[in-house]
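Subject: the model you asked about

Hi,

Here is the structure, handed over as promised.

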Amino acid sequence: MITFIIGLVILFVGAALYGKFCEHVFGPDDRKTPAYTKEDGVDYVPMRGWKNSLINLLNIAGTGPILGPIQGILSGFHSTQTAIISRTMKSEKQGRMTFYNMMILEGFIAMVWAAGAMGVYNLGLQAADASLATATIGVVCKHILGPVGGVIALLGVIVLPITSGDTALRALRLAVADGFHLDQKSTKKRLGLAAVIFVLVAVILVFAKSNADGFNILWRYFAWSNQSLSLFAFLAITVWMFETGRGKYAWMPLIPGCWYAFVTVTYIVNAKIGFNVPWMGAYIIGIVAAAAYLIILVWYGKKRTAAKAAKAAQNGK
């Protein structure tokens, strides 16, 4: 209980202080968002802040903050929803609530389920076995939360993966359409592109069901690629900060970016689905990759800062 309370304090104090600090650094303003400048009544549609926040929470979470803490494994379905939610925000100032605070709330959900699982194990209602995570959810709903709480929790467990799956496919459609400059204003064109995606998903599902280890294989690749995507997101944010004169705050995305570089490289180098290198070698390669990531970005930052200073001095003359 003490650990749970300390965790809550860290989580919500962090949301109040660091979240505010992040908002100050990135400086949201009142310029028109894409929801207005590209409004099409289909994907670019202004939506209320509370609705955006709720949609983002349901979508980023999935079963990550439920099964994850019970199994001792990450997380949710985070950045996949940015392609959707960023098109429906009325103001940049909604960003802190819609994105940052919803991540905090996801963390709270994870802590609740972790506490519930520990209650199950401590009461001897089930063995502390990560492979029984799904069954653990049932035990928590039935024996700990009571009839009403159990039903509400179970509905949440059902809703989260459904919404995540739905918006994951929509986000993929948007990404493909943007990448290949495909018009998506008509229903026919959207359905045509979605049909291709659905076929690919069907093939993946058939593989997952027909192969005894299919789901685990897919999940490992997905987990790695998802975190690798985050690595490139941190890289892009770091570069953006140098380019917009926020270089002194570049440590904010640079530190987690270095960590992700170490984790993702170490994993894929060691994993059987990767290069199957022994742990010691994988750790060394991961450290080298993280160091290279840090050195290259710091070098780039210094170079851009110097170039901007020289340009400013020239303009001053």
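**A loop residue to start with**

Phe180 sits in the loop between helix H8 (146-179) and H9; helices here are DSSP runs (H or I, at least four residues), strands are E runs of at least two, and both are numbered from the N terminus. Before you read on: this is a predicted model, so local features need pLDDT of at least 70 and side-chain atom pairs count only at pLDDT 80 or more, while totals for chains, interfaces and linings use all residues. Residues are numbered from 1 along each chain as its sequence is written, and side-chain values use heavy atoms, with hydrogens and water left out.

Back to Phe180: its relative accessible area is 62%, so it is exposed. (Exposed is over 50% relative accessible area, buried under 20%, partly exposed in between, with a 1.4 Å probe and protein chains only.) Between the C-alpha atoms of Phe180 and Thr305 there are 34 Å, and the two are 125 residues apart along the chain.

**Helix H10**

Gln227 is another residue of H10, and at 19% relative accessibility it counts as buried. Setting aside neighbours within four places in sequence, Gln227 is in contact (heavy atoms within 4.5 Å) with Tyr260 and Thr264. Just after H10, Gly245 has a positive phi of about 75°.

**A nonpolar patch**

Met1, Ile5, Val9, Val13 and Leu17 make a nonpolar surface patch of about 520 Å². Patch members have over 30% relative accessible area and no salt bridge, and nonpolar side chains are joined within 5 Å (like charges within 9 Å); a salt bridge is a Lys or Arg side-chain nitrogen within 4 Å of an Asp or Glu carboxyl oxygen. Areas are Shrake-Rupley with a 1.4 Å probe. Leu17 belongs to helix H1 and is exposed at 58%.

**Cysteines**

How many disulfides are there? The count is 0, taking a disulfide as two cysteine sulfur atoms within 2.5 Å. For Cys258, the closest cysteine sulfur is in Cys22, 17 Å away, so too far for a bond. Cys258 is buried at 14% relative accessible area, and Cys141 is buried at 8%.

Cheers
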